[in-house]
Amino acid sequence: YDPVAQTFLISPTQYPQGVNISKLRVSFKSKDDLVPVTLQIRPTVNGYPSSSVIYPNGSVTLTPDRVKTTTSPNLDDSTKYTEFIFDSPILLQPGEHSFVLLANSNKYEVYVAQIGTLDIVSGRQISEQPYGGSLFLSQNGSTWTADQNSDMMFRIYRNRSEEHTSELQS
């Protein structure tokens, strides 16, 4: 399998006590019909996703029937994104973290924004990174290569209280 990862920042200024994240959304372009996909929340080590550490309760596996694919990604349209919901909220301290998508299949594809290409939703050219994190590719799950010109399309939700969630990043 060839996992992909995206780093993201929990702002120490905005969230000095950290945040409890409850779910994460991504849009898939394609999927495998038989093999499940797993999302893992991991720390970063020197700017790279950890190759071995996964936060407690930070792994969610979905069977293909729960993965939605689309030709026009939209994180606000429930028919066009896949949501990974954690069994319990995950406390992330301020700093850089990552999420990793992996499957024992190369048929899963997620949407990314790449500098210099056209945004498939708006049709406008992407002239800067849409987010401050980095996209990472790996051929073995332990060695990561950064793609400085691309970011995965995602949205993370944090718990505000027992009953409400709000968007952390997109």
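Me: In which strand is Ser98 found?

Reply: Ser98 is found in strand β8. Strands (E, at least two residues) and helices (H or I, at least four) are DSSP runs, numbered from the N terminus. Before we go on, please note that this is a predicted model, where local features need pLDDT of at least 70, side-chain atom pairs count only at pLDDT 80 or more, and totals for chains, interfaces and linings use all residues. Residues are numbered from 1 along each chain as its sequence is written, and side-chain values use heavy atoms, leaving out hydrogens and water.

Me: What is the mean pLDDT of the chain?

Reply: The mean is 86, and 82% of the residues reach 70 or more. pLDDT is the predictor's confidence in each residue, from 0 to 100. Confidence is highest in strand β6 (residues 59-62), at a mean of 98, and lowest in strand β15 (residues 165-169), at 46. Over residues 162-170 the pLDDT is below 50, and beyond near neighbours in sequence this stretch has 30 contacts in the model.

Me: Why is Ser98 called buried?

Reply: Buried means under 20% relative accessible area, exposed means over 50%, and partly exposed is in between (1.4 Å probe, protein chains only). Ser98 has 0% relative accessibility, so it counts as buried.

Me: Which residues is Ser98 in contact with, leaving aside neighbours within four places in sequence?

Reply: Contact means heavy atoms within 4.5 Å. By that rule Ser98 is in contact with several residues, including Gln6, Thr7, Phe8, Ile41 and Pro49.

Me: What makes Phe8 and Phe99 a tilted aromatic pair?

Reply: Rings of Phe, Tyr and Trp (its six-membered ring) pair if their centres lie within 6.5 Å; planes under 30 degrees apart count as stacked, over 60 as edge-to-face and the rest as tilted. Phe8 and Phe99 are 6.4 Å apart, centre to centre, with 40 degrees between the planes, so they form a tilted pair. The pair links distant parts of the chain, with Phe8 in strand β1 (residues 4-10) and Phe99 in strand β8 (residues 95-103), 91 residues apart. Ring pairs also link Phe8, Phe99 and Phe154 into a cluster.

Me: How do you know that Phe8 and Phe99 are buried?

Reply: Phe8 has a relative accessible area of 1%, so it is buried. Phe99 is buried too, because its value is 0%.

Me: Which residues touch the most other members of the largest nonpolar core?

Reply: A nonpolar core is a set of buried Ala, Val, Leu, Ile, Met, Phe, Trp, Tyr and Cys residues joined through side-chain atoms within 4.5 Å. The largest has 28 residues, and those touching the most other members are Val26, Val37, Ile41, Phe84, Phe99 and Leu101. Strands that each supply at least two residues of this core include β1, β4 (37-45) and β8. A second, separate core of five residues includes Ala5, Val100, Leu102 and Phe136.

Me: What makes Lys23 a charge over the ring of Tyr157?

Reply: A charge sits over a ring if NZ of Lys or CZ of Arg is within 6 Å of the ring centre and within 35 degrees of the ring normal. Lys23 lies over the face of Tyr157, at 4.8 Å from the ring centre. Another case is Lys68, whose charged end sits over the ring of Tyr81, 5.8 Å from its centre. Tyr157 lies in strand β14, and it is buried because its relative accessible area is 9%.

Me: Why is Asn46 called exposed, and why is Asn57 called partly exposed?

Reply: Asn46 has a relative accessible area of 74%, so it is exposed. Asn57 has 46% relative accessibility, so it counts as partly exposed. Asn46 is in the loop between β4 and β5 (48-49), and Asn57 is in the loop between β5 and β6.

Me: What is the phi of Asn46, and what is the phi of Asn57?

Reply: Asn46 has a positive phi of about 55 degrees although it is not a glycine. For Asn57, also not a glycine, phi is positive at about 60 degrees. Most residues other than glycine have a negative phi.

Me: How many helices and strands does the chain have?

Reply: The chain has zero helices and 15 strands. Of its 170 residues, 46% are buried.
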